[in-house]
Amino acid sequence: MKVSLEQNHAIVRSIDVVIEQLDTRYSIVQTERKLRCFPDADGLIRGPQDGSGSEAQTVLHFTAKQSDLDGLSLQLVPVSSTYDFRLDSLAAWMGFSGDQKGSTVAQGVVAKGKPGKKVNMAAWERLNNLFPDFF
């Protein structure tokens, strides 16, 4: 399998995918290593081309039941998914001094919906109000 990744505002260093069968489940773990910047206070994400980037890693973990994958005609399979994002920097606009070292971590659960369907309407409306140009 050949995997590649292009991401705006990041320099992708590597991407690895591991697929395993664990008893009655399949597991896919995707690990992305990249150079990127912490978003500005207004949400703008700058590219690391000016040398201001930090090392970042994203790990996406997907699992599915083997029995759900048995139907070869399925186009949409139920999965469970989590993510872990780590950025080796702190944002100055959050009140950290320039010489203070640390990292930023975000972890969460990925919700999967059918194509064109909004999984969480309240979250969708809030994000759309905050970032109308994004959607």
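Predicted model: local features only at pLDDT ≥ 70, side-chain atom pairs only at ≥ 80, totals over all residues.
Colleague: Where does threonine 63 lie?

Modeller: Threonine 63 belongs to strand 3, which covers residues 54-65.

Colleague: Buried or exposed? Why is threonine 63 classed that way?

Modeller: Threonine 63 counts as buried because its relative accessibility is 18%, and buried means under 20%.

Colleague: Which side chain does threonine 63 join in a polar contact?

Modeller: The side chain of threonine 63 makes a polar contact of 3.3 Å with the side chain of arginine 25. Apart from neighbours within four places in sequence, threonine 63 is in contact with Arg25, Tyr26, Ser27, Pro78, Val79 and Ser80.

Colleague: Changing topic, which residues make the nonpolar surface patch?

Modeller: Met121, Trp124, Leu127, Leu130, Phe131, Phe134 and Phe135 make that patch, with an area of about 740 Å².

Colleague: Where is leucine 130, then?

Modeller: Leucine 130 is in helix 2, residues 121-130. Leucine 130 is classed as exposed because its relative accessible area is 54%, and exposed means over 50%.

Colleague: And isoleucine 11, what is its place?

Modeller: Isoleucine 11 sits in strand 1, residues 10-22. With a relative accessible area of 35%, isoleucine 11 is partly exposed.

Colleague: Which residues is isoleucine 11 in contact with, leaving aside neighbours within four places in sequence?

Modeller: Those residues are Lys34, Leu35 and Pro48.

Colleague: How many residues apart in sequence are isoleucine 11 and alanine 56?

Modeller: Isoleucine 11 and alanine 56 are 45 residues apart in sequence, and their C-alpha atoms are 9.9 Å apart in space.

Notes. Residues numbered from 1 in each chain as written. Heavy atoms only, no water. Helix = DSSP H or I, 4+ residues; strand = E, 2+ residues; numbered from the N terminus. Buried < 20%, exposed > 50% of the residue type's maximum accessible area, 1.4 Å probe, protein only. Polar contact = N/O pair within 3.5 Å; in protein donor to acceptor, adjacent residues only side chain to side chain. Contact = heavy atoms within 4.5 Å. Patch = residues over 30% accessible without salt bridge, like charges linked within 9 Å, V, L, I, M, F, W, Y side chains within 5 Å. Areas by Shrake-Rupley, 256 points an atom, 1.4 Å probe, with all protein chains shown as cover. Salt bridge = Lys/Arg side-chain N within 4 Å of Asp/Glu carboxyl O.
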